[in-house]
Amino acid sequence: MATSMCDVFSLCAAPVRDTVEVRVINSQKGKGLFARRSIRKGETIFQEKPVVASQFLWNALYRYRACDHCLRALETAQENARRLSGNPSLVLPYPEQCHIKPDFHRECPYCQVQYCSAECRKAAYEQYHQMLCLGPSKEDPENPLNKLQDTWRSIHYPPETASIMLMARMVATFRQAKDKDWWMNLFSQFCSKTANEEKEIVHKLLGDAFKGQLDILRQHFIEALYEERLSRWFTPGGFQSLFALVGTNGQGIGTSSLSQWVHGCDSLDLHPQEREKLDTFIDQLYKDIEKEMGEFLNCEGSGLFVLQSCCNHSCIPNAETSFPDNNFFLHLTALEDIQPGEEICISYLDCCQRERSRHSRHKILRENYLFICSCPKCLEQAEDASVTSEEEEEPEGETDDAELEDEMTDV
């Protein structure tokens, strides 16, 4: 039975009503996404923009410049490469493969946050930015919104997996909306948890001192954003529930002008010697970047995607998410042929994690998403040893947050 999805298909960039449908599977697993027609391997199943999205706060503080609305990287590929490598004199060949257009960039005239275009500035202002614009208080540490963000940064260090500003934009979107019932119906599409499960999720995000930290965050949240018609979100239980919603449904978003430049270079028709020279240059560049910045290469944030959040996990997924447009538009692509009526599954684990033992995969999924996987691969390996190597033996409670950074999805 297909579940009501509000007008969620309006958030997608291509017609999808004839391609997929959302069904309730059972009370334990909840919803799932199913194919309505044959889908070919490599086909883009749909593109979807988020209900709300936000750049991670530490990521922005460390000068990863992104559009405040769509998260498009704002640095040119050369600017990006120079900063990441620590080499201010670096010159990238084939500059035409960089598609960043600084002349189109705009900023809010009141608080100077940056956008990739006038269209994004207008969209942000009309959806949520009127309520969140700091204006002349941008540098005021006593401003309630600044205090909320500073508190979040003080308890959630990189690698980041969520942002308090995603919740702030949910509240601001509701407050600015003309049709508030529509937005509440849309927010209600995301999976909910029991109070005990929500507690576990919040504990996972904030660590052992989560109770005190959560209450401090809630007080700042109330001071900055309180809305009577959303009063439940500001109670201890409601704030924990909202926190858990973001924690389990948030999809990581990564954008990079350098990555786009590299992909553009990969498609160039070059003489073999030129190709070898270019590949050597790019390999050395990434080595220099890794030495300087480690794993932090992209502008990073998270968003809430209604259709994508209906995709359940499988250790052998038949689809994957990506952000090839260098902004928050999510592409769901088929990894193999999918038949009508077949469930469309993604993986909440990265490629390396999926190659680990069943025991290790279950540990990651249990700690981060609170479920035990029963996909065909896990059922096939049900009799395997609990631990397969010393490398996979980790103390209980140790997490894989760094690896899960870009894999946050719905359970």
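Modeller: Gladly! Let us start with helix H9, where Gly238, Phe239, Gln240, Ser241, Leu242, Phe243, Ala244, Leu245, Val246, Gly247, Thr248 and Asn249 are buried. Please keep in mind that this is a predicted model, in which local features need pLDDT of at least 70, side-chain atom pairs count only at pLDDT 80 or more, and totals for chains, interfaces and linings use all residues. Residues are numbered from 1 along each chain as its sequence is written, and side-chain values use heavy atoms, with hydrogens and water left out.

Colleague: Why is H9 called largely enclosed by the rest of the structure?

Modeller: Buried means under 20% relative accessible area, exposed means over 50%, and partly exposed lies in between (1.4 Å probe, protein chains only). In H9, 12 of the 14 residues are buried, so the helix is largely enclosed by the rest of the structure. For the protein, 52% of the 411 residues count as buried.

Colleague: What span is expected for H9, and what does the helix reach?

Modeller: The expected span is 1.5 Å times one less than the number of residues. H9 covers residues 236–249, and its 20 Å from first C-alpha to last is close to the 20 Å expected. Helices here are DSSP runs of H or I with at least four residues, while strands are runs of E with at least two, numbered from the N terminus. The protein has 15 helices and 12 strands.

Colleague: What makes S4 and strand S8 a pair?

Modeller: Two strands pair if DSSP finds at least two bridges between them. S4 and S8 (residues 299–304) are joined by 4 bridges and run antiparallel, so they meet that rule. One of the partners in S8 is glycine 303, which bridges to alanine 53. Along S4 (residues 52–55), Val52 and Ser54 point one way, Ala53 and Gln55 point the other way, and all are buried.

Colleague: Why does the contact between lysine 122 and glutamate 126 count as a salt bridge?

Modeller: The rule asks for a side-chain nitrogen of Lys or Arg within 4 Å of a carboxyl oxygen of Asp or Glu. Lysine 122 and glutamate 126 meet at 2.8 Å, N to O, so the pair qualifies. Being 4 residues apart in helix H3 (residues 118–132), they are separated by about one helical turn. By this rule the count comes to 11 salt bridges.

Colleague: Are arginine 275 and aspartate 279 buried or partly exposed?

Modeller: They fall on either side of the cut-off: arginine 275, at 18% relative accessibility, counts as buried, whereas aspartate 279, at 30%, counts as partly exposed. Their closest N and O atoms are 3.6 Å apart, and they form a salt bridge. The two residues are 4 apart in helix H11 (residues 272–293), so about one helical turn separates them.

Colleague: What about arginine 23: which residue is its salt-bridge partner?

Modeller: Arginine 23 forms a salt bridge with glutamate 21, with the closest N and O atoms 3.0 Å apart. At 24% relative accessibility, arginine 23 counts as partly exposed.
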